[in-house]
Structure formats: C-alpha cells, structure tokens
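Work through the exercises below with the sequence and the model at hand. Each task is followed by a stepwise solution.

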Amino acid sequence: MNLQPDISPVPAGAPARAGARRECAIVARGLKKTYAATKKSPAKEALKGIDLEIPRGSIFGLLGPNGAGKSTFINILAGLVNKTEGSVSVWGFDIDRNPRQARASIGVVPQEINVDVFFTPKEALEIQAGLFGVPKAERRTMEILRTLGLEDKADAYVRMLSGGMKRRLLVAKAMVHAPPILVLDEPTAGVDIELRRQLWDHVLELHESGVTIVLTTHYLEEAQELCDRIAIIHNGDVVACEPTDKLIASLDRKTLMVTPLAPPAAAPDLAPFEAELKPDGRLAIPYRPSKAQVAEILERLSAAGVRVRDLSTVEADLEDVFLELTYNSGR
C-alpha cells in the first residue's frame, strides 16, 4: 500500500509551543463550547475547558457516554463548530490562525453514511478531491479504492453497495487529500462482525503507513484492543487520559472466581468480603489488591467450610474503568 499521508514538519511561524506540538497530532488547551439558549432549552456547556494532547502516530481512543462532548470536539477539529474559548492546533496549525491548513490535515469519517447514492465510488472520490483542491494530476482515486477493497466497485452506483462497502467508502473519501490524521466517529456502528474485522484491517494498514487514528466508539472491547492511549470524556470534562494498559490498571479491583468441591446452596458469609453465587455454582468474590490478598479470601473460605476445587482471577477491563469514571462517578 502506498497511501502515505502528508507528514511534513510544522513550518516556521507555526503557533506558540510549536516544539511541543510537533510531537502531537492534536493539542487542545482550555477548550470550551457553550451552545446558546433557545426557546425550548437553556444554554448548554458541551465542553468545559478540556486539555488534551493526541500523540502523532498513535491510535487514540476518545470515549464517553452519549452527550459527553465527543462529537462537539470532533466538529470543532473539522471546522464545523466554532469553539467558545481556548485553543486548538491540528498537526501544528492553529485552527483560528491557519484554518485551511488545519482542516487539510484531518480527515473525518462520520457515523452517518452521507454519500450520494446516485454517484459511483470513483465519482464520489473525484468530487471530494476537487472540494479539497487536489489537482487532477495528483489525485489517487483508484489507488485509494484499491487499498480499501473497492476497486471492483469503482463504477457501480453507491446505492448498490453493501453497508460495509459504504463505510469503507467513507474512509476512502476522508483520505483523498492524504491527511496525516484520520478521525473515525463510531465507524463500526451497526456493522456485523466480519465487516467490522475487514474495516479495521484497512484502518490498521493506514495507521502502519503513518496516519494518526482518532477513534470514538461504544464498543469498549474494540477500543481496548486497538487503542494505545485512551481519553474518557464525561459531562464536558476529560476525566482520564492514559495509555490503555495504565488506565485499566488504575482501577484497583479484581474478582476471585472460586469453584467449590460441592456447590453451596447459598453464598457463604466471608465478611469483610462479599461473595456472589453464580448459576454455575462458582463464587465470585470482588476485592481490592491494594487492600487485600487472595490468601485472606482463602482463609475466610476455609473458615466458612468451603473446600476449593479450582480458582482464577478476573482482571478489570476497560468497561469497568469506563463505568467507574462515568455512570458510577456520582455514587
């Protein structure tokens, strides 16, 4: 594959702190967005002054519940929404001082399929390239379609394509101007397992060629597997931003799964630990590694007369961390 993005260095005269920003694909400082009040609703503070740095060359997960501010952040990057306060740079270009360069440095794949069904994929890419001012001699329409497995559909009408092909076409459209940053907004929503795998194969190929990937998704297992760094946004604030493994390890929680020799009729009293009896007869015993050891739980089991056949430890995953920092944060 030869879809090399434009990864030229930040030019002289770029925004302040350019030295630091050369190492980042996207930098946001004190970013705020407040939507004005209407007759039907009060003013809405969608972003409350977030600070965020997305490293170049990373696959960066941007997670959060519905209404957390993810789409607002993406739309500000793409120039579709005006920020209220703060600063943002994209590939070293300030979105206020260098808006054209900033927009040319990013390709956004929206969640909604927004391609005209009466065009062919080839025509759709040619039109998109024209909108970005790519000269005809420099367009790579067939190369992009070939890379995303759409070469044989180049002259078929979009309305004849499957849902998975249409999603790949959205990725192709976002890449016509060879942006160094690709933003994927819920790219696999409603896509079956096989098509999801195919789409990620293509995206990972783009990443290997040097493209920085920014991903929003509600499939947390997908984010955990693919992203090397994750930020979680909740109610307009960044509540976490860490390498994926460090973020998961930050949740001081494990569960000891115990298989007794004889399934108990009820969960035993293991105070101060709480045991849950599973339908298969196993006992699930949550604990905090920083405050308790497995040996202590085993002592309680022995005291309760539970003889152990087997045991295993279930680690926390990204879903546990996500729930702890969002839906459970107010408890």
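**Exercise 1.** At what angle do helix H4 (residues 121–131) and helix H6 (residues 163–174) pack, and how far apart are their axes?

Solution. This is a predicted model, in which local features need pLDDT of at least 70, side-chain atom pairs count only at pLDDT 80 or more, and totals for chains, interfaces and linings use all residues. Residues are numbered from 1 along each chain as its sequence is written, and side-chain values use heavy atoms, with hydrogens and water left out.

Step 1. H4 and H6 pack at about 30°, with their axes 9 Å apart. Axes are lines fitted to C-alpha atoms, for helices over the stretch in contact, and angles run from 0 to 180 degrees between N-to-C directions.

Step 2. H4 and H6 are therefore roughly parallel to each other (angles under 35 degrees count as such).

Step 3. Pro-121, Leu-125 and Gln-128 of H4 meet Leu-169, Ala-172 and Lys-173 of H6 (contact means heavy atoms within 4.5 Å). The residues of this contact divide into four nonpolar, one polar and one charged.

**Exercise 2.** State how many residues of helix H2 (residues 70–77) are buried, and name them.

Solution. Step 1. Six of the eight residues of H2 are buried (under 20% relative accessible area, 1.4 Å probe, protein chains only).

Step 1. They are Lys-70, Thr-72, Phe-73, Ile-74, Ile-76 and Leu-77.

Step 2. Just after H2, Gly-79 takes a positive phi of about 80°.

Methods. Helix = DSSP H or I, 4+ residues; strand = E, 2+ residues; numbered from the N terminus. Parallel < 35°, antiparallel > 145°, perpendicular 65-115°, else oblique. Nonpolar A, V, L, I, M, F, W, Y, C, P; charged D, E, K, R; others polar. Buried < 20%, exposed > 50% of the residue type's maximum accessible area, 1.4 Å probe, protein only.
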